[in-house]
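Here are my notes for you on this structure. Keep it open beside you as you read.

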Amino acid sequence: MTVESDEPLELKREIASLRAQLAASQQRYEEVCHRIRNELQVLSALFAAQRRQCGHPAQCDICVSRICATAALHGVLDTNEHEICSLGSFVRLLAETLHSAFDSRYESIVTIDGNFEIDRARAKSVGLVVVEATVNALKYAFVGLEKGRIETRVRCFRGEVELVVENNGAPFSLKALSQSTKISGKGLTLMHDIAAHLDGALEIAPSPMGTALRLTFPVALPQRC
């Protein structure tokens, strides 16, 4: 009898401890986000001050606009993970925010097929893949190009979400994927980890346009797919 009565009490204590740890972690996360926002505001103010003193104010304007875009990007990704959102609207806003930071580097096209909702935790995971795929295209695919093109497409069908981020940069080499430390580094590992976390799959392959990254993962119905 003693063992049976002690087990629920011990379980309650463990749950309470885990909740306390989660609350502490959430508080630390919110503090980090607050510091990041403050530091971005300080950087923006410093560049604005520099603009008044330098002989090339246009260059400072570019830096300020990109810092503001970075702050906006941080705001898009820093969401309440328990809320429900339109994935299409979220991805469109994210792609537009990214493009605002690098508008002279590439043309951005976003296509959303259907209106569907998922929790923000998974939406944020999808957003991280969009960011990583876009940044990789800017760093590697568009070398030598005056201006690139990135198409971001999202659709939901038969209970599965498909995200495609395609660019018109240098043709992608599957052999390079296994040999290049740049491509197969932390960014690719992060995207594969995200796909696994979503119980989905990630594929990067050559396409008629250039290179396409495809993320697919299931969603539980009904979620307006």
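**Notes on the model**

1. S207 is buried: its relative accessible area is 17%, and the cut-off for buried is under 20%. Keep in mind that this is a predicted model.

2. Where does S207 sit? Find the loop between β6 and β7; S207 is there. Leaving out residues up to four places away in sequence, S207 touches E166 and A212.

3. Look next at the polar contacts of S207. Its side chain is joined to the side chain of E166 by a polar contact of 2.5 Å. A polar atom of the S207 side chain also lies 3.5 Å from the backbone nitrogen of T211.

4. Now the sheet. It is open and has 5 strands, in the order β2-β4-β5-β7-β6. The pairing is mixed. β2 (106–113) and β6 stand at the edges. Each has a single partner strand, so one side of each has no neighbour in the sheet. On average, neighbouring strands are turned by 10° against each other, direction ignored.

5. How many bridges join β5 to β7? There are 8, and the two strands run antiparallel. V164 has R214 in β7 as its bridge partner.

6. α6 lies across β6 and β7, running at about 135° to β6.

7. Check the length of α3. The helix has 15 residues, so at 1.5 Å a residue it should span 21 Å. Its end C-alpha atoms are 22 Å apart, which agrees.

8. Which residues of α3 are buried? They are L87, G88, F90, V91, L94, A95, T97, L98 and A101. As background, an α-helix has 3.6 residues a turn, so residues three or four places apart point the same way.

9. Last, the largest nonpolar core. It holds 36 residues. L87, V126, V161, L163, L215 and F217 touch the most other members. The elements that give two or more residues are α3 (87–101), α4 (120–141), β4 (148–157), β5 (160–167), α6 (186–197), β6 (201–206) and β7 (211–218). α4 gives the most, with 9 residues.

10. Setting aside neighbours within four places in sequence, V126 is in contact with L87, V91, L163, L198, L215 and F217.

Methods: Residues are numbered from 1 along each chain as its sequence is written. This is a predicted model: local features need pLDDT of at least 70, side-chain atom pairs count only at pLDDT 80 or more; totals for chains, interfaces and linings use all residues. Side-chain values use heavy atoms; hydrogens and water are left out. A nonpolar core is a set of buried Ala, Val, Leu, Ile, Met, Phe, Trp, Tyr and Cys residues joined through side-chain atoms within 4.5 Å. Buried means under 20% relative accessible area, exposed over 50%, partly exposed in between (1.4 Å probe, protein chains only). Helices (H or I, at least four residues) and strands (E, at least two) are DSSP runs, numbered from the N terminus. Contact means heavy atoms within 4.5 Å. The expected span of a helix is 1.5 Å times one less than its number of residues. Two strands pair if DSSP finds at least two bridges between them. Axes are lines fitted to C-alpha atoms, for helices over the stretch in contact, and angles run from 0 to 180 degrees between N-to-C directions. A polar contact is a pair of N or O atoms within 3.5 Å; within protein, one must be able to donate a hydrogen and the other to accept it, and residues adjacent in sequence count only if both atoms are side-chain atoms.
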